[in-house]
Amino acid sequence: MKVSLNWIKDYIDLKGIASKDIIDKLTMSGLEVEDAVDELERYKDFIVGYVKEKKKHSNADKLSLCTVNTGTEDLQVVCGAPNVEAGQKIVFAPIGTVIPNGGFKITKAKIRGVESFGMICSESELGLSDDHSGIMVLDEKCRVGKSIVTELGLDDAILEIAITPNRSDALSHIGVARDIAALYEKELLLPQISLKESSHKIKDFASIEVKDKLNCPRYTAKVVRNITIKESPEWLRKKLKKIGLRPINNVVDVTNLIMYEVGQPLHAFDLDRLSGNKIVVQSTDIQTKFTTLDSKERTLPEGTLMICDAGKPVAIAGVMGGENSEISNYTKNILIESAHFNPSSIRKISKLLGLSTEASFRFERTVDPNGTLYAAERAVQLIAELTGGEIVSGVLDVYPEKIKEKEVPLRFNRVKRVLGYTITNGKIISILKYLGLKVIFESEKEYRFSVPTYRPDLEREIDLIEEIARINGYDNIPTISKISISLGEKIDESYFTDQIRQYSCALGFFEMINNPMQGEKIASLTGNKIPILNPQSLDMAFLRTSLIPGALITVAKNINAGGKDLSLFEIGDIFNMNPGKNEIRSFEDFTESQNLLLVSTGKENQKTWYSEEKRADLFSLKGIVNSLLEKLSFNNVFSESYEFDNPESLFEFSFFKNYDGKTIGTGGKIKKEIIKQFDVQQDVFCFELNISLLKQIQAKSKKYLEPVKYPKSIRDLAFIFDKSVTYEQVIKFIRKSASILLKSIELFDLFEDESLGNEKKSMAFSLEFYSGERTLKEEEVEKEFNHIITSVTKNFNAALRGM
Amino acid sequence: MLDKKISEANSGFNSEILKVNDLKQLEDIRVKYLSRNGLISKLFDELKDVSKEEKPLLGKSLNILRNDVTEKFNSIKAKLENSAGESEKKPDLSLPGITKVIGSKHLLTQTLDEVKSIFKGLGFSIMEGPELESDYNNFGALNFPADHPARDMQDTFFITKDFLLRTHTSPVQIRLMNKYKPPVRAIMPGRVYRNEAISARSYCVFHQVEGLYVDRDVTFAELKGTLVSFARQFYGNDLKYRFRPSFFPFTEPSAEMDITCYLCHGKGCRICKHTGWLEILGCGTVDPNVFDNVDYNHEEFTGYAFGMGIERTALLKYGIDDIRVFFENDFRFLKQF
């Protein structure tokens, strides 16, 4: 909200206090000044100039060559404005001045070959309005050579204040002034009202009926007759322009002025256009079409709170008036509405229509129900003054149930308990009084305050403590230098995942973070997707069901950018609707699980002068997975299974890591037709691991094993098998048939060749024998070894190869 | 006889060894004198044929010969090997080494790790919660009234009327307090979602760290102390800070913490919108209504809570000017940190 500091000074004496000090204090008390324009600072270099002479620029048709008198000298100035004439008083920016609009500095310049020693300014360049049609022509009374700060009264500071949603009271100049009064301990002076009312009675000109009392607890109206609509006087226009409003006429401008003064939105109806001279406040029972005063036809749902006359709706209550009852240049008689509406009803309709106005913004944050009459009277007093109208005597005020001031207790010791320091009772009471609270009960330990209705946010003791803290200043709260730490149990729920992250990095993978929201096509590749009700765009309309598709997008982007060799990982949550569910009603209807994805594509190792290149493949991925699981103490915990050509799967072939019948992880080579969808041409290998499931499995606890003291016997051997025999079958068989002296088996060679025979292959293993208790005898090992050879050859019909 | 043969062998070896130039010639000498069938072995064989009286003396001479020869042989061998190494095997040490790739955590994870480690040192546990949350945990339990403009502070992605993508990590506070009785002291990092237009300054997904401490005598003063200690450890010891009143439905009194702008050191610049200050986090003492919603006695217990954005923190710390780089996952970016 824009606030003029000069306007604030109408209500509070701030003589001798610098704008900067006020701005800092406001920010530090919760009314954050996001931007401030100090006119004094901004306009200090601009002076009133006099155009003595105007000639045509010799090299440019549209430019003029002016002689500007600055009070002390005559300067040659090139000017492009169409309206510049000799004899005008103008705003002159001498060399060195910074132009507010654009922030550039005036320097001596040559324009089309002619020197120019300054600039004649437009309102737009000065940031006074958006009028850039020509230069600003000043009043005759302005004194040449004087600063425009004094000549134009540009001594204000305009603040842009961010008002938090709880501070509806601060959405006005008086509201902000009240905080300043408390901060500087100064008296707040509210404008006094003295109405000159005519002998006519309001009842003879209008009537009010409120049918929906729940959503309109109060409706106050005043009537002004025989007005003349015209432009508002300069002081009013200037006041509104300063805070960024566009002046319209002497009635609308007053309603705006009062809204920014006291915070009560007002609406002026053309009384003669209200059929039956009647106002009826009611909620619609059918869907209605209505044209608002911005000339837009809007469809209003059933239940919209409307202001109607005897026959038709004339305004959407609290949001915007209708075109059909708008003030025109010919309006003679007006009714000023000053009402209190239920905040949540205003919010609902404003959200639904996507129509937020200054009025709805205030009503949905709560406007003081007991301030309607003051605002209406203040408005008609001004309107009567400016329009020459007659204030009809009396007021129409439907307020069936008066909203009372709340009573809130405050225990002084509680202030210290929450804030951690002592503020004197006197100071506490004084702060609350400045904010408009009244003491209604007092004792040594506790006071009770009544809270004005313009502060609906102050309901509980803690609300008062916050007021005390912010007005007394957060800077005054001590910053303690010691804390005590409980020695109870500490939990780190991120520890396990962090370990996975660390090991993935050690294995040469780089972490990525992809957006969990995806388009329908991508999210449909895997799982049972969950839609977002109000997506930002179609390509973010669903939650990911797997980390793979998002990673493929990243892989594709990087390949396009020249990064063809990638080892990436991601740890993130995936979301799946549970089987048989199609809507989320509880946490039982879907599963959110934390997953790890490892992706590799392109070269794993580059060719060097020393080593050959190595491309990513399934087996290096599988090895990485096994290294990772081993490091996490899950070695030999999982069983493996394999799959080829599953039409449902993203993988051309894949391996699964299973535990207790559940798949914990799946890895493989992505199908060609899938990677093509992502515009990727090279093979991509992925492994996805369900960390949430993994966390539920007990990892092996790490125990110290004494290094073996006795020598190991290593024997190599190779067999020729039928091609159909798998590594897994052989390994399992050897383990089963060997004694405990066989400690490890490694496959160190595998090859197929016609020389071996048709449909045959050779597998070579290295076997390691040892005992933890003694040195094995040569004959023992030989016996073991021979036993393995005999059993394998017999079982698989294999032949031992000469080594 | 043998006596003479010993002295001949000695002089023969001494003259031959002087002529040796390479390892091959040396090997020939080894075979000739020192191998199993070499000259010295044969002389030892002959020892069994000499008389009993001569045996000790000749045996001693033979041993001396074998030791002398072995010693000389070894010293020449060592010399030759060294010089052979120098001339034939000297590698080009300027050749490049073969590097191993060490991967890295995402910059946001690294930033989060740093934040976590500081709070761990201050005695905080680390808790986590789901991203797909109930409206109640995300708003209702945190004292956001239905149909209240406070909800506009956080544009929400809804899944259904009652479920949503959490807009902040604060619902983990509710989960934590429902699970544990006071005292509780934890930070809660996580991913959050807001329906905000994507630009250099905002993205629809980002990360936060929430903090909560509840016990019998927790005050705003302690909140200030703890956060100042964090900020000093994270941003540097000479940092200036301020706490400014603000509004969050779940804390009261509420504050925002600003630190002096890292770029202009408080003079005012584009980054700090000419205020000289940068907002780093929101905080406050826990609103009694929140305690009521988790069945904590709000008379008995007080607490504080805070929340900070990890992206913002990383932007400030590493001088990045576009938040979108965190989610583009360009490998050139990922490999930088």
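## Contacts and burial in chain B

In this predicted model, residues 24 or more positions apart account for 66% of the contacts in chain B with a separation of 6 or more. Of the 337 residues in chain B, 40% are buried. The secondary structure of this chain consists of twelve helices and nine strands.

## Overall form of chain B

The radius of gyration of chain B is 41 Å, whereas a compact globule of 337 residues would have one near 20 Å. The C-alpha trace of chain B spans about 125 × 45 × 45 Å along its principal axes.

Chain B has two assigned parts: domain 1 covers residues 2–88, and domain 2 covers residues 107–334. The centres of these two domains of chain B, taken over C-alpha atoms, are 85 Å apart.

Strand S8 of chain B runs over residues 277–286. Nine of its ten residues are buried, so S8(B) is largely enclosed by the rest of the structure.

S8(B) pairs with strand S7 of chain B (residues 251–260) in the antiparallel sense, over eight bridges. In this pairing, Met257(B) has Leu281(B) in S8(B) as its bridge partner. S8(B) also pairs with strand S9 of chain B (residues 302–309), again in the antiparallel sense, over four bridges. Here Cys283(B) stands opposite Phe306(B) in S9(B).

## Nonpolar cores

In soluble globular proteins, nonpolar side chains tend to be buried together. The largest nonpolar core in this model has 224 residues. Those with the most contacts inside it are Ala317(A), Ile334(A), Ala379(A), Ile383(A), Leu598(A) and Cys686(A). Helix H11 of chain A (residues 372–387) gives the most to this core, with eight residues. Apart from this core lies another, of 26 residues, including Ile47(A), Val48(A), Ile120(A) and Leu152(A).

Ala379(A) can be followed in more detail. Leaving aside neighbours within four places in sequence, Ala379(A) is in contact with Val254(A), Thr255(A), Ile258(A), Leu266(A) and Ile336(A).

## Where chain A meets chain B

Contacts between the two chains involve 75 residues of chain A and 60 residues of chain B. Several elements of chain A give two or more residues to the side that touches chain B, among them helix H9 (343–353), helix H17 (548–560), strand S30 (566–577) and strand S31 (590–601). H14(A) gives the most to this side, with six residues. The residues on the side of chain A that touches chain B divide into 34 nonpolar, 23 polar and 18 charged.

Technical notes. Residues are numbered from 1 along each chain as its sequence is written. Chains are lettered from A and ligands numbered from 1 in the order in which they are written. This is a predicted model: local features need pLDDT of at least 70, side-chain atom pairs count only at pLDDT 80 or more; totals for chains, interfaces and linings use all residues. Domain bounds come from an automatic or database domain assignment. Two residues are in contact if their C-beta atoms, placed from the backbone, lie within 7 Å. Ala, Val, Leu, Ile, Met, Phe, Trp, Tyr, Cys and Pro count as nonpolar, Asp, Glu, Lys and Arg as charged, and the others, Gly among them, as polar. The radius of gyration is taken over C-alpha atoms; the globule rule is 2.2 Å times the number of residues to the power 0.38. A residue is buried if 20 or more other C-beta atoms lie within 10 Å of its own, exposed if 12 or fewer, and partly exposed in between; C-beta atoms are placed from the backbone. A nonpolar core is a set of buried Ala, Val, Leu, Ile, Met, Phe, Trp, Tyr and Cys residues joined through C-beta atoms within 7 Å. Two strands pair if DSSP finds at least two bridges between them.
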